[in-house]
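Colleague: Could you take me through the part around the ligand in some detail? I'd like to hear what surrounds it and what it touches.

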Amino acid sequence: MILLDLDIKELEELLVGRNCPKYRARQIMRWLLCGCDFSEMSNLPKDLRESLAVEHVACPIEIAEALKSKDGSVKFLYKLFDGNIIEGVYMPHDYGNTLCVSTQVGCRMGCAFCASGIGGLVRNLTPGEILGQFVAVNRYLGGTMTDRKLSNIVLMGSGEPLDNFDNVVKFILLVSDADGLGVGRRSISLSTCGLADNMRRLADLGLGVTLSLSLHATLDEYRRKLMPVANKYSVTETVDAARYYFKKTGRRVVFEYSMVKGVNMSFSDARRLSELTKGMAAHVNLIMLNKVVGKNIEGCTPLEAERFCEKLKSLGVSATIRRSMGADVEGACGQLRRKRLNS
Ligand code: SAH
């Protein structure tokens, strides 16, 4: 059993089941959320530490590589206990330090520009494996459970969070638990390629996290070329689900839009984007395409990006161009893992 998968009640049950006093659960949880292994849990009897270590895993992931970028971001490659590797990136910002976490090993969404989906989905990550990324990096930065060095989380690493719905929801509950790490739900952003049904389910849960929708195109015909998920959900269905999220939660929805030359940057696209985002608080995050080896898709120049952004603004749309970080350390989704798998 991966102990980081458990909430405090489940940990208590596990301990009581082995005739161990309930109060030990809080002690153990504290250590787990500091990223410690059993051998470091110094306020537990030695035989308890040893017996737990025989049957259970404390933190299921370890940092295998940390690549520091010139811009202060750090790209992490993690090793999972079954030998799989995943990645993530730490980005220091003036509004808080952000960790981008992965939710799956690989991905089955197959977006045309993305490196994460190249080998398909390997498996879902458990809640503790997502939480483990946070805990390991927090420790790497010198943080503890009560003195966190990370304030924001973006679920924008490898994988499609809403394709691993239950585990991702449990992760959000665990990481935001006020008796544990207590990360504010408003400081958590979940990015989806647009699984409309699960966007609605998420809205109904009322967790209060920020929803980002990777829209990338305003017409079904073009969106289908970039994102196979568009064969299942039309642009209208997907955006309606985003509007439902806004109505249900009152939270502004972020639309991610990777600019692809000659495909999604015309004046008509800007106009359609302004129409689509009506009736909700929305922000358009324009993304400069990261070139991925083996993918024949061309991004745009900074000047073209600027022009598209201005067009949107002139139509009353709140829009900014996302500042890219970590380009020198393969910051974009799935790129470092691909490189390591190929070497
Ligand atoms: N599966 C989620 C999270 C993925 S990554 C989703 O689809 O939203 C976060 C964002 O980066 C998404 O908007 C994704 O479409 C985008 N992205 C992936 N690869 C990219 C690339 N090579 N260049 C630019 N944006 C990319």
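Modeller: A polar contact here is a pair of N or O atoms within 3.5 Å. Keep in mind that this is a predicted model. With that cut-off in hand, start with Glu160: one of its polar side-chain atoms sits 3.0 Å from a nitrogen atom of the ligand. Ser258 also brings a polar side-chain atom to a ligand nitrogen, at 3.2 Å. Phe113 does it through the backbone instead, with an N or O atom 3.0 Å from a nitrogen atom of the ligand. On its own the ligand would expose 530 Å², and the protein buries 95% of that.

Now for the shell as a whole. It counts 20 residues, and the closest ones are Phe113, Ser191, Ser214, His216 and Asn290. Sorted by class, you get 10 nonpolar, eight polar and two charged residues around the ligand.

As for helices elsewhere in the model, H4 (residues 127-140) and H5 (residues 165-176) have axes that come within 8 Å and cross at roughly 45°. That makes H4 oblique to H5, and their crossing is right-handed. Helix H9 (residues 267-276) packs against helix H10 (residues 302-314) at an angle of about 40°, with the axes 9 Å apart. H9 and H10 are therefore oblique to each other too, and the crossing of H9 and H10 is right-handed.

Definitions and conventions
Residues numbered from 1 in each chain as written. Predicted model: local features only at pLDDT ≥ 70, side-chain atom pairs only at ≥ 80, totals over all residues. Heavy atoms only, no water. Near = heavy atom within 4 Å. Polar contact = N/O pair within 3.5 Å; in protein donor to acceptor, adjacent residues only side chain to side chain. Areas by Shrake-Rupley, 256 points an atom, 1.4 Å probe, with all protein chains shown as cover. Nonpolar A, V, L, I, M, F, W, Y, C, P; charged D, E, K, R; others polar. Axes fitted to C-alpha atoms, helices over the stretch in contact; angles between N-to-C directions. Helix = DSSP H or I, 4+ residues; strand = E, 2+ residues; numbered from the N terminus. Parallel < 35°, antiparallel > 145°, perpendicular 65-115°, else oblique. Left-handed = near helix turned anticlockwise from the far one by under 90°.
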